[in-house]
Amino acid sequence: MADEEAPHPFYTRGFILHEENRVPDLISRAYKHKNAANYLLVKGIRDHVASKEGIHAVIDFPMNEALEAVGGTGDTLTGIVSALIASGIKVLEAAVMAARINRLAGDYACPSPASQVLEIIEFIPRAMVEVLRDREE
């Protein structure tokens, strides 16, 4: 996302994955060097939704530290946001909703570091219903 010398946004010199507190700066840097997509959904302790105009949303609730150790949560997030966009929801709104859905599903699963992503996937429908209901209100 923020390595202007990288041939692909995730290929870096190994420094961005440990820079959670610098995400806004790294997003800005990625756009400055034309090394970012039109929209970014940056997953981390706090999820950031951004475009070249800046950060549009920060999603940090619910926060469940055990999810950081569960492989595949980025894949679930990608699938959720893709499904929402395919359903006709605009990209920025879909990204925010997807981050919320992914976090809720993870929280509902009551994960431990030994949890598997399938345990989280089972809760995506429940989380989606809740977020969609909130959207309608």
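Let's start with Asn 21, which is exposed, at a relative accessible area of 65%. Exposed here means over 50% relative accessible area, buried means under 20%, and partly exposed is in between, with a 1.4 Å probe and protein chains only. Asn 21 sits in the segment before α1 (23–32).

A word on the model. It is predicted, so local features need pLDDT of at least 70 and side-chain atom pairs count only at pLDDT 80 or more, while totals for chains, interfaces and linings use all residues. Numbering runs from 1 along each chain as its sequence is written, and side-chain values use heavy atoms, with hydrogens and water left out.

Now the overall layout. The protein has five helices and three strands. From the N terminus, the order is α-β-β-β-α-α-α-α. These elements are DSSP runs, numbered from the N terminus: helices are H or I with at least four residues, strands are E with at least two. Of the 137 residues, 38% count as buried. Take contacts, meaning heavy atoms within 4.5 Å. Among those between residues at least 6 apart in sequence, 51% join residues at least 24 apart. The protein exposes about 8000 Å², and carbon and sulfur atoms supply 54% of that. Accessible areas come from the Shrake-Rupley method with a 1.4 Å probe; for residues, only the protein chains shown count as cover.

Next, helix α5, residues 124–136. It has 13 residues, and at 1.5 Å a residue it should span 18 Å; the end C-alpha atoms are 18 Å apart, which agrees. The expected span is 1.5 Å times one less than the number of residues. Which residues of α5 are buried? They are Ile 124, Ala 127 and Val 131. Seen down the axis, these buried residues fall within an arc of 70°, so they line one face of α5. That arc is taken from the directions between the helix axis and the C-beta atoms. On the other side of α5, Val 129 and Glu 136 are exposed. The cover over the buried residues of α5 includes α2 (73–86), α3 and α4 (117–121).

On to α3, residues 91–108, which holds Asn 102. Buried or exposed? Asn 102 is buried, at 9% relative accessible area. Beyond its neighbours within four places in sequence, Asn 102 contacts Lys 43, Thr 73, Thr 76, Leu 77 and Ile 80.

Val 91 also lies in α3. At 30% relative accessibility, Val 91 counts as partly exposed. Together with Tyr 39 and Ile 85, Val 91 forms a nonpolar surface patch of about 230 Å² accessible area. Patch residues have over 30% relative accessible area and no salt bridge; nonpolar side chains (Val, Leu, Ile, Met, Phe, Trp, Tyr) are joined within 5 Å, like charges within 9 Å. A salt bridge is a side-chain nitrogen of Lys or Arg within 4 Å of a carboxyl oxygen of Asp or Glu.

Last, some backbone details. The peptide bond from Phe 61 to Pro 62 is cis, with omega near -5°. Pro 62 is in the loop between β3 (54–59) and α2. Lys 34 is not a glycine, yet its phi is positive, about 55°. Lys 34 belongs to the loop between α1 and β1 (39–42), and is exposed at 76%. Cys 110 is not a glycine either, and has a positive phi of about 50°. Look for Cys 110 in the loop between α3 and α4, where it is exposed at 64%.
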